[in-house]
Amino acid sequence: MHTRRSSRSLRTGGILLTAALLVSACSASASTGPSTSATAAAEVTLAALPEATPAALAPYYGQTARWRSCGVPGFQCATLKAPLDYAKPGAGDVRLAVSRKKATGPGKRLGSLFVNPGGPGGSAVGYLQAYAGIGYPAAVRARYDMVAVDPRGIARSEPVECLDGRKMDTYTQTDTTPDDAHETTELVDAYKEFAEACGAHSPGLLRHVSTVETARDMDIVRAVLGDRKLNYVGASYGTFLGATYAGLFPGRVGRLVLDGAMDPSLPARRMNLDQTAGFETAFQSFAKDCVQQPDCPLGGKGTSTAEVGRHLKAFFRKLDAHPIPTGDADGRRLGEALATTGVIAAMYDESSWAQLREALTSAMKDKDGAGLLMLSDSYYERDAGGRYSNLMPANAAVNCLDLPPAYGSPEEVERALPSFEKASPVFGEGLAWASLSCAYWPVRATGEPHRIEARGAAPIVVVGTTRDPATPYRWARALAAQLASARLLTYEGDGHTAYGRGSTCIDSAIDTYLLRGTPPAEGKRCS
């Protein structure tokens with residue numbers, strides 16, 4: 001699934017849906033026990049690791065961070081090591097990029113506050129330097145050293161690599177709503193080419209980028225920084241990472257905020273279907289708002305949300321047959337795939353709705369696809385020079401390792417299409433086919449769905465947004481019910497995640513918890 005940028009420049013959390021042409025929240029981690037059915041929640045519980053550090057890991061826990069300038073004023077950077085394979089600590093290392101901004105004072109220092117924006121595939125270091133380290137509340141930054149670690153395989157921490165920019169352009173334009181056997185074969189071939197390229201470029205690393213391994217890396221960094229407990233704010237997929245840490249190391253949990261929560265007990269098939277429904281919920285909110293605006297290209301006052309959806313779907317079908325110009329220097333035209341991604345990108349943050357209306361108006365009335373292409377490029381992290389970040393390769397690598405694939409063949413997807421189209425008449429078909437991507441991954445999944453209880457952990461704050469597109473509110477409720485010490489904080493609103501998005505009620509509750517250790521009252525709701 002997908003993390004990305006919000007109105008603050010880096011969207012807090014986003015999970016890339018199915019690691020393929022559309023990306024947003026699919027992940028769970030390694031656990032023991034039998035596999036679950038394709039739709040039922042798991043009953044297996046993630047087991048805590050022994051409290052004592054194994055002797056073989058002592059050299060990693062005993063490292064010294066050698067801080068240097070990052071080239072970004074106020075921030076320091078270091079590189080630490082973790083074992084590539086925790087089962088064989090002597091068989092090689094992975095290098096982890098770490099960044100921090102020291103507490104500014106006044107007030108007693110509370111330790112380090114780790115942040116992760118989600119993904120999987122989002123750069124925590126980039127998020128820290130572009131937003132969290134300068135945009136978190138001053139009172140929080142005064143008391144905590146703000147810290148980020150790029151997870152293994154991501155951004156500055158030995159990034160997974162797959163296709164080059166030109167081939168990625170082709171990949172992101174692949175039709176994910178095949179109309180016949182030929183187009184189905186083309187889509188499958190695209191998934192296979194992407195997977196084979198990842199396997200060719202990063203064969204060893206692909207087996208060791210699971211969420212469990214990343215959580216264990218985070219514990220090494222915590223120890224190296226001298227913190228007895230981990231304080232952490234994770235968004236979207238970052239909630240799964242944070243919950244996994246709590247499950248493995250419950251006695252080392254400090255103050256954990258899990259914003260835009262995922263449910264680790266769900267298999268990929270159920271997770272993808274839930275998220276499809278989440279995007280439909282977000283689209284209905286957009287549609288209701290759109291028809292009240294004078295510049296809505298999908299209908300006027302009195303137009304039902306269902307009719308707005310039919311208008312958009314009809315527009316997508318036109319683009320499928322006849323892509324329109326975009327003015328792109330590389331000659332890309334706006335087809336159905338890129339247009340759909342552009343619309344989905346705007347669902348993450350209601351502040352993007354005006355931009356989406358303008359982009360749709362240009363595309364539908366003037367046959368100018370530049371605005372929707374810009375939204376799509378921001379979602380995929382493609383720059384003006386045609387270069388992509390490693391967001392999509394990393395997202396696939398983590399998701400496909402953490403969970404068995406949702407579907408194993410085109411025939412299975414075809415049988416599932418009615419349920420996806422029921423969940424979202426606008427996006428269901430494309431998201432169903434995107435769920436096939438992990439079927440061709442070169443490395444078998446090591447993880448299974450599981451519950452996380454983290455018994456013995458200090459209070460953990462789980463945050464859910466009622467109309468969140470990427471991490472549906474039911475996931476936050478489910479995670480809060482699993483975690484033995486969780487408090488659920490609810491934001492009644494739109495958009496992905498809640499902290500720092502404009503709700504004084506949410507921000508005050510989280511800041512109080514981070515600064516005083518007092519979690520919000522049971523059942524607290526904000527708007």
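Let me start with a residue pair: Lys101 has Met146 in β5 as its bridge partner. This is a predicted model, so please keep that in mind throughout.

On the parallel side, β5 is joined to strand β4, residues 111-116, by four bridges. There, Gly111 has Tyr144 in β5 as its partner.

How many of the residues of strand β5 are buried? Six of the six, residues 144-149, so the strand is largely enclosed by the rest of the structure. Tyr144, Met146 and Ala148 point one way, while Asp145, Val147 and Val149 point the other, and all are buried. Note that Asp145 is in that list.

Back to β3. Its other pairing here is with β2, antiparallel, through eight bridges.

Arg68 stands opposite Cys77 in β2. The hairpin of β1 and β2 has six residues between the strands, and Gly71 takes a positive phi there, near 85°.

Last, the surface. Asp179, Asp180, Glu186, Asp189, Glu193 and Glu196 form a negative patch. Of these, Glu193 lies in helix α5, residues 181-201. Is Glu193 buried or partly exposed? Partly exposed: its relative accessible area is 40%.

That is the end; comments are welcome.

Notes
Residues numbered from 1 in each chain as written. Predicted model: local features only at pLDDT ≥ 70, side-chain atom pairs only at ≥ 80, totals over all residues. Heavy atoms only, no water. Patch = residues over 30% accessible without salt bridge, like charges linked within 9 Å, V, L, I, M, F, W, Y side chains within 5 Å. Areas by Shrake-Rupley, 256 points an atom, 1.4 Å probe, with all protein chains shown as cover. Salt bridge = Lys/Arg side-chain N within 4 Å of Asp/Glu carboxyl O. Lys, Arg positive; Asp, Glu negative; His and termini not counted. Charge placed at Lys NZ, Arg CZ, Asp CG, Glu CD. Helix = DSSP H or I, 4+ residues; strand = E, 2+ residues; numbered from the N terminus. Buried < 20%, exposed > 50% of the residue type's maximum accessible area, 1.4 Å probe, protein only. Pairing = 2+ DSSP bridges.
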